[in-house]
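Welcome, and thanks for taking a look at this one with us. Here is a short briefing to read alongside the sequence and the model.

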Amino acid sequence: MRSVFSTGRWSAERLIVQRLLIAGVFPERPDRTANGTAVDIAEAQKLAWDNKLNMGFNTTEIPVEFGLSDAEVGEACTAWRKGLPDSAWSAVGAGPSPRRRASQAWSVRFAPRRRSTVRGRGPLGEGLVVGRLPEVFALPRMLRHFAATGEGLPPDGAVEVDAPDSDVRAVLSAARSGAWEPAAELLAQTRTARDWERRGRYSASLAELALHHTGWFGDWRQEQPGDPDLALVAAELEIGRAWEIRTAARARHVSQEQFQAFQAVLRDAEPVLRTAADLNPGDPVPWRILIAHAMGLGAPRKVFDEYLTRGREADPHHVGLHTRAVQYLAQKWYGSHAEMFGFAESAAAAAPEGSPLRGLPLHAVTEYALEHEAGIGQGPVAWSRIEGLVEAGLELSAAYEPGDRRAADFRNHLALALIRSGREAEALEVFRLIGTDARTFPWAYLGDPRENYLLMRQGVRAHVARRTPYFGGSVPAPAIGGPSGTAATGEAAPPAAAMAVALVGAPLRDVREAILITGTTMRLVPAPGGGTFVEIAPSADPPGSRKGMRGTLLGEGGLPRLAGTFSRGEKWPVLVAVKEGADYTLHLYRDGRLEAAHAWWADPAEMPTQQEAAERATALGAAYRMTDHRPLTTVLRGTGDPRQHLDEAFAALGLPLLPAAFGHRPEPLAEVPGAQLVERRSFFRAIKESLSSESDGASGGELPPLS
């Protein structure tokens, strides 16, 4: 029993302490006390063990020990809050989100959380006021309930930002192959149907593709120079080129040379934008683009008014046009808080019942939050007004089915507004309704949109779990189905999980021992050259099984994050290939660290520069003793079929190719001869097996291959 905790290459204490650091339970230096003196973990273990022996405490029954530990935490909690009602304790536990970056973003709130005033005895005597109880008292709640908060949420790997629908996805794929005709046909259909919302999204996606892959667009321009749909994409493209120069950074981080080049490109683009407006009468999209042009150039107010009026004449309820206008009217650009909120509320009130435009005030709430972090009664806008807009957003969201893409824009803003209002339980339900359909805004204001969306979603889960009573409490189940009486026609994004296979540079026996620490059922296949293919095997888990305490401590994130866990302390590399949606990514881990990552995007995205690709190729090549990185650099800059480029990368590294079924069906290793399953272990059983020198691989953890 003692050796389980005090010895072993897995360093179980270190793994757990690191996870608790992320959860904000311990200070950043777990090896030091609050006054800076060093802590000898081994000595502390010895003292604890000797005390248990001297007092005759339990030293053999692990389940009993966990039960006693929980009881002791409960007693400490009761002693701390003696004489206070239960409600005082239930308000505690709103500590930092699971990662530092999310914690920083979380601190931007409209309303400061009410501090619980717990009175008790302390070093300073009777009546000490404590702002918040120690985080360790909230930890048992989080460990007990965190897994339940994930019910109804798609896995991280399934979340896409601004995911194109099936129609434009096929068109983008054709354009990457050099065919412009499908793009022209799709945009012509939106123009004929006067479907301005889709037309605006499609033209923006095509312009983003043309920004980095110009061949198909040049052919279209040569074949049909007067095409109004071509002119619309060209206008979007000019704005995209200008922002490539300026970047999305705050003005104080943009150089004078960047600003000058940015404005020069915008000035040269004006004839292109005017042509798009002239060739598309009755279309509000060119006027939305022109408002973005006016913002960049700092055009006079009368220019903005003209563009907005012309756009509203074409479509008085176009969401894209009004969203851009809210940005223009924000105080950080050319308006004021009063004008921005007034415009957003007026446009929402004039919109038809149930229209997505009714969520426009939530965009204004986001813009306001970026400038003012003050609490109730301290900002220029009345808190009651903010609360009313959030409540209206919740009512609007209830009118749409879960996953309805028409509601995705305002629901993403609604989730952030609820978080900053301290209403995490309601934010969790909104994240469930969003499903996989994250949007660039508002999350891009905090940094990388996808990363921050996932971090904030995880933070919401942690807050809800910490506030749920340990005994008798349960996380509310997700709402099932849509609202009664509503027939939604929007396309819902399917919550498909990411596919992933790892190639571990170690024989199967060593890998089998290493993965025990993850607490996850995995499938292993020997690979040519002495390595091992690994995949998560959820189909082999018993129905209804739940992730336990170890899963909460070690975290979520699929095979890449698990690779970071089971490679810790090892010298061999782990190369993880992941398919997320239509995209493929590579992740290289060594000793628990992510050393390189690369993505081949099926949808428009910026191709890595020669230098970026060379740096990634160098990092990947170093792990596999490759001397000439040039072939791999070329592969990493490929813009063709992502699945083919993945095979080319493995070949360039001298590695065995992934199973042919990878990317086409889940758990592709299940059909490979010789596949072995390693079932999930309890934490202590995993540690004990990993430390056992007598382990011969026949401990009962291997199951027959699935048929």
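A side-chain oxygen of D227 comes to within 2.9 Å of the backbone nitrogen of D229, at the start of α12. Please keep in mind that this is a predicted model. The briefing begins with that helix, then turns to the aromatic rings, and ends with the protein as a whole.

**Helix α12**

- Helix α12 covers residues 228–246, and its 19 residues should span 27 Å at 1.5 Å a residue; the end C-alpha atoms lie 28 Å apart, which agrees.
- Most of α12 is covered, with 14 of its 19 residues buried.
- Just after α12 comes T247, which takes a positive phi of about 70 degrees.

**Aromatic pairs and a cluster**

- The count of aromatic pairs in the model comes to 18.
- One of them is W180 with W220: the ring centres are 6.2 Å apart and the planes are at 10 degrees, so this pair is stacked, as planes under 30 degrees apart count as stacked.
- Taken together, ring pairs link W180, W216, F217 and W220 into a cluster.

**Charges over rings**

- R144 lies over the face of Y470, 4.5 Å from the ring centre.
- R461 has its charged end over the ring of F146, at 4.2 Å from the centre of that ring.

**The protein as a whole**

- The secondary structure comes to 29 helices and 12 strands.
- Of the 707 residues in the protein, 47% are buried.
- Among contacts between residues at least 6 apart in sequence, 69% join residues at least 24 apart.
- The protein has an accessible surface of about 32700 Å², and carbon and sulfur atoms account for 54% of that surface.

Conventions. Residues numbered from 1 in each chain as written. Predicted model: local features only at pLDDT ≥ 70, side-chain atom pairs only at ≥ 80, totals over all residues. Heavy atoms only, no water. Helix = DSSP H or I, 4+ residues; strand = E, 2+ residues; numbered from the N terminus. Buried < 20%, exposed > 50% of the residue type's maximum accessible area, 1.4 Å probe, protein only. Contact = heavy atoms within 4.5 Å. Areas by Shrake-Rupley, 256 points an atom, 1.4 Å probe, with all protein chains shown as cover. Phe/Tyr/Trp six-rings, centres within 6.5 Å; stacked < 30°, edge-to-face > 60°. Lys NZ or Arg CZ within 6 Å of the ring centre and 35° of its normal. Expected span 1.5 Å × (residues − 1). Polar contact = N/O pair within 3.5 Å; in protein donor to acceptor, adjacent residues only side chain to side chain.
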